[in-house]
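Subject: Structure handover

Hi,

Here is the structure for you to look through. My notes follow below it.

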Amino acid sequence: MGKSIKTLFAVWVLLFANSTISVAQKSILKTHSAVYVGGEILDPFFNLYESMKIVSRVNLGAETKVGLRNGIGIKYMHSKFKTYPWSWGQQEEPYTRLGQYDSVVPLKRIGHTINNGMEVYFKHFRKKRDAIYPAGRYVEFGIGIFNTRFTGYHYTVETYQNGNYGFAEVNEPVRSVRTVAFSYKIGKQWIFENNMFLNYGLSFRLHLPLSFVDVDLAYMEDNVRTLYYNDVLSTDWLSSYFQIGYLF
C-alpha cells in the first residue's frame, strides 16, 4: 500500500511538473513584444591593423512578434571614444607628434568620436535549427541612419617661417558625417524565468555616406579622411554583441 502511494505521488509530481513546464512554454510562446538593453564591442583594430583600441557601444531597443518565427524591431545605438587610432603600445597620442622634427607637444583638448544611430530590423528564427520566436538561433537584417561627430582637437605644432622656429596653435572645429548603414547579424537567444531573455552574436555593418566631412584647411584633409575611414568604416564593419531583455 505504501509503495502504491509513493508511486502515485511520484506520478503526480511528474505530471504536475510537466504541466507547469507546458504552461510556462505556452506563456512564452504567447508573448508578442520585448524590450532590451545591450552592448557591443566594435572591431578593436584600426588603421589596417597597425594599432588597437577597444570601442564599445550601448544599444536600447524594442521589438514585436510577426508570425511564428519572425520579429521586427527598432533600436537606438550610442558610442563615444577617443578619436583617431589609439594603440595600447603607443607612448603618446598620435596627434602629439606633429612637429617638423618630430618634437612632442601635448594636446590641450582630446578629440572624441560620438556616434548616434537608429536602426529598424527584421529578425528571423531559423526553422532548420528548430527555433521559433523568441528562442533559438536567428538571423537579423537591419537598415539605419547614423550621425557621427568629431569634436576636434586643440593642440600646438612646431613651425618654421622666415628663418625662425616657433609654435602655432591649431583648434580643429567640430565636424560631422551622416551615413546610411546596412547590417546582417547572426545570434542565439535563451529564455529564462520571469520572461527574461539573453542573446549574443556577431554583427556585420556597411556604412554608405550621405554627407561628407567638411575640410577647412587643405593640410588637414588627410587627417580628416583618416578619421572618417578609421572611426566610422573600419570600426563598425564587425562587432560582437549581447542583449538582455524582457518579454511581455
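The side chains of Lys123 and Glu63 make a polar contact of 3.3 Å. A polar contact is a pair of N or O atoms within 3.5 Å; within protein, one must be able to donate a hydrogen and the other to accept it, and residues adjacent in sequence count only if both atoms are side-chain atoms. The pair is also a salt bridge, at 3.3 Å from N to O. That term means a side-chain nitrogen of Lys or Arg within 4 Å of a carboxyl oxygen of Asp or Glu. The bridge links distant parts of the chain: Glu63 sits in strand β4 (residues 56–66) and Lys123 in strand β6, 60 residues apart. Glu63 and Lys123 are both buried. For Lys123 the relative accessibility is 1%. Buried means under 20% relative accessible area, exposed over 50%, and partly exposed in between (1.4 Å probe, protein chains only).

Before you go further, note that this is a predicted model: local features need pLDDT of at least 70, side-chain atom pairs count only at pLDDT 80 or more, and totals for chains, interfaces and linings use all residues. Residues are numbered from 1 along each chain as its sequence is written, and side-chain values use heavy atoms, with hydrogens and water left out.

Overall layout

The protein chain has two helices and twelve strands. These are DSSP runs, numbered from the N terminus: helices are H or I with at least four residues, strands are E with at least two. Along the sequence the pattern reads α-β-β-β-β-β-β-β-β-β-β-β-α-β. The chain has 248 residues, and 40% of them count as buried.

Other salt bridges

Side chains of opposite charge can pair when their charged atoms come close. The structure holds seven salt bridges. Another one joins Glu140 and Lys75, with the closest N and O atoms 3.4 Å apart. Glu140 lies in strand β7 and Lys75 in strand β5 (residues 70–82), so this bridge ties together parts that are 65 residues apart in sequence. Both Glu140 and Lys75 are buried.

Glu119 and Arg205 also meet in a salt bridge, at 3.3 Å from N to O. Here Glu119 is in strand β6 and Arg205 in strand β11, 86 residues apart. Glu119 is buried, at 0% relative accessible area. Arg205 is buried too, at 5%.

Which residues does the salt-bridge network link? Its members are Glu40, Arg57, Glu119, Arg205 and Asp236.

The loop between β6 and β7

Strand β6 covers 112–125 and strand β7 covers 136–150. Several of my notes fall in the loop between them.

- Lys128 is in this loop. Lys128 is exposed, with a relative accessible area of 81%.
- Asp130 is in the loop as well. Asp130 is exposed at 70% relative accessibility. Its phi is positive, about 55 degrees, although Asp130 is not a glycine.
- Pro134 has its place in the loop too. The peptide bond from Tyr133 to Pro134 is cis, with omega near 15 degrees.

For context, most residues other than glycine have a negative phi, and most peptide bonds are trans.

Lys128 also belongs to a surface patch of positive charge, together with Arg126, Arg129 and Arg137. Patches are made of residues with over 30% relative accessible area and no salt bridge: like charges are joined within 9 Å, nonpolar side chains (Val, Leu, Ile, Met, Phe, Trp, Tyr) within 5 Å. Lys and Arg count as positive, Asp and Glu as negative; His and the chain ends are not counted. Each charge is placed at NZ of Lys, CZ of Arg, CG of Asp or CD of Glu. Accessible areas come from the Shrake-Rupley method with a 1.4 Å probe; for residues, only the protein chains shown count as cover.

Two further residues

Asn195 has a positive phi of about 60 degrees and is not a glycine. Asn195 sits in the loop between β10 (175–191) and β11 (196–209). Is Asn195 buried or exposed? Asn195 is buried, with a relative accessible area of 19%.

Tyr228 is in helix α2 (residues 221–236). Tyr228 is buried, at 10% relative accessible area. The C-alpha atoms of Tyr228 and Ser176 are separated by 9.4 Å, and these residues are 52 apart along the chain.

Best wishes
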